[in-house]
Amino acid sequence: MHAMPAHFRWRIILGLSALTHGLVPAAHAQGLPVNSMQSRIQNGLFNIADFAGFIPPSGPPRTFPQILGAYTNGLLTLLGLLFLIMIIRGGVIWMTAGGEEEKARQAKLIIKNSVYGLAIVLLARIFTGFYL
């Protein structure tokens, strides 16, 4: 699965804004027939979907499960980065404990919980790989 681009949300917002502020008022102002206006709107939506990455370069538009899988993979990637940050945080606390048992215990707890979180994320990635 491919991860969605980081600026995906802005593409949709800008695309919808262009559609609502550009195509529809122009069609009304020109007095175009309804079929022509619908055709322009459909072409505009297709262009937005293409620009946002919903339509692969070669092939039909992506299905809902493919889009959901891309979002899920993006979320799981962010959770994996959170794991890395928490492991580093726990390691820094442990290294700077200076013999204080409470700080060392806190650092070990952070690292242990981070590993549990990583296990959950990996299981979620495996599960979504089978179903999405």
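Predicted model: local features only at pLDDT ≥ 70, side-chain atom pairs only at ≥ 80, totals over all residues.
I take contact to mean heavy atoms within 4.5 Å.

Residues are numbered from 1 along each chain as its sequence is written, and side-chain values use heavy atoms, with hydrogens and water left out.

**Isoleucine 111.** I looked up this residue in helix H4; helices here are DSSP runs of H or I with at least four residues, strands are runs of E with at least two, and numbering starts at the N terminus. Setting aside neighbours within four places in sequence, isoleucine 111 is in contact with Ile87, Gly90, Gly91 and Trp94. For burial I use relative accessible area: buried is under 20%, exposed is over 50%, and partly exposed is in between (1.4 Å probe, protein chains only). Isoleucine 111 counts as partly exposed because its relative accessibility is 22%.

**Serine 114.** This residue is also placed in helix H4. Apart from neighbours within four places in sequence, its contacts are Phe83, Met86 and Ile87.

**Helix H4.** H4 covers residues 101-131, and its 31 residues should span 45 Å; the end C-alpha atoms are 45 Å apart, so the two agree. The buried residues I listed in H4 are Ala104, Ala107, Ile110, Ser114, Val121 and Thr128. They pack against H3.

**Helix H3.** I ran the length check on H3 as well: 32 residues, 47 Å from first C-alpha to last, close to the expected 46 Å. Its buried residues include Ile67, Ala70, Leu76, Gly90 and Ile93. In turn, the buried residues of H3 pack against H4.

**Salt bridge.** How many salt bridges does the structure hold? I found one, taking the term as a side-chain nitrogen of Lys or Arg within 4 Å of a carboxyl oxygen of Asp or Glu. Arginine 105 pairs with glutamate 102, and their closest N and O atoms are 2.7 Å apart. The two are three residues apart in helix H4, so about one helical turn separates them. I recall that an α-helix has 3.6 residues a turn, so residues three or four places apart point the same way. Arginine 105 is partly exposed, at 47% relative accessible area.

**Surface patch.** I noted a nonpolar patch of about 620 Å², made by Leu78, Leu81, Leu84, Ile88, Val92 and Met95. Patch residues have over 30% relative accessible area and no salt bridge; like charges are joined within 9 Å, and nonpolar side chains (Val, Leu, Ile, Met, Phe, Trp, Tyr) within 5 Å. Accessible areas come from the Shrake-Rupley method with a 1.4 Å probe, and for residues only the protein chains shown count as cover. Methionine 95 lies in helix H3, residues 64-95. Methionine 95 is exposed because its relative accessible area is 70%.

**Whole protein.** I counted four helices and zero strands, in the order α-α-α-α from the N terminus. Of the 132 residues, 21% count as buried. The protein exposes about 9,500 Å², with carbon and sulfur atoms supplying 70% of it. Among contacts between residues at least 6 apart in sequence, 56% join residues at least 24 apart.

Technical notes
Expected span 1.5 Å × (residues − 1).
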